[in-house]
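Please consider the model shown below.

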Amino acid sequence: MRRRILSLFLAAVILAGILPGETRAANAGNGLFNTRGELLTKESALNWQDVMATVKSYLTAQAEDKVPVVSSTGGEWQVLGLARAGISADRDFFAEYYENVVEYVAKKIDASTGRLHASKSTDNARVILALTAIGKDVTDVGGYDLLQGLSNTDYVKKQGINGPVWALIALDS
């Protein structure tokens, strides 16, 4: 019982520490706030079109300024976001990304198992999600089948629950 109370107290302290000081003090309990601590009105908090437009412009600007990489940061998630939102950059961002994936796969894949990483099945899953979003065949990426890397459940489960969850999402894509 003491542990539970202590845990709840610590969670409350951590949560209180995350909120901006002046926002917490001046507006406690008055509503929702954006990342700058500004109070959101009911209309602005629920206007998903404005949020989507902001995210689209941010992703598009990022795509125009950077070479698409194969990485969990600034790579597959950016490609997935752009593709699923129906955004295309001024240059052929997706073609550049695919060329980089083929090169990455050739360097990283274990040809006998189809794994891009020795212990992280989510690497295969992440790349599969991005490639399916741009309409590419994941069974022939530079001659390699990325689905093969997700065929061994012991390997997929090495990452705990994340491995199987992302494998299922990738296989469903």
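Does E103 count as buried, partly exposed or exposed? At 45% relative accessibility, E103 counts as partly exposed, where buried means under 20% relative accessible area, exposed over 50% and partly exposed in between, with a 1.4 Å probe and protein chains only. This is a predicted model, in which local features need pLDDT of at least 70 and side-chain atom pairs count only at pLDDT 80 or more, whereas totals for chains, interfaces and linings use all residues. Residues are numbered from 1 along each chain as its sequence is written, and side-chain values use heavy atoms, with hydrogens and water left out.

E103 forms a salt bridge with K107, their closest N and O atoms being 3.5 Å apart; the term denotes a side-chain nitrogen of Lys or Arg within 4 Å of a carboxyl oxygen of Asp or Glu. The two residues are four apart in helix α6 and are therefore separated by about one helical turn. Helices are DSSP runs of H or I with at least four residues, numbered from the N terminus. K107 counts as exposed, at 64% relative accessibility.

By this rule the count comes to three salt bridges. In another of these, E76 pairs with R126, and the closest N and O atoms are 2.6 Å apart. This pair links distant parts of the chain, since E76 lies in helix α5 and R126 in helix α7 (residues 121–133), 50 residues apart. R126 also forms a salt bridge with D123, at 3.2 Å between the closest N and O atoms. R126 and D123 are three residues apart in helix α7, so about one helical turn separates them. D123 is buried, with a relative accessible area of 9%. Salt bridges that share partners join E76, D123 and R126 into one network.

Helix α4 (residues 48–65) shows a sided arrangement of burial. In α4, L59, T60, Q62 and A63 are buried. They cover an arc of only 160° around the axis, which puts them on the same side of α4; the arc is that of the directions from the helix axis to the C-beta atoms. The face turned away from this buried side carries the exposed residues T54, Y58 and D65. Among the elements that cover the buried residues of α4 are α5 and α6, contact meaning heavy atoms within 4.5 Å.

Between α5 (76–84) and α6 (93–108) runs a loop that contains G86. G86 is exposed, with a relative accessible area of 67%.
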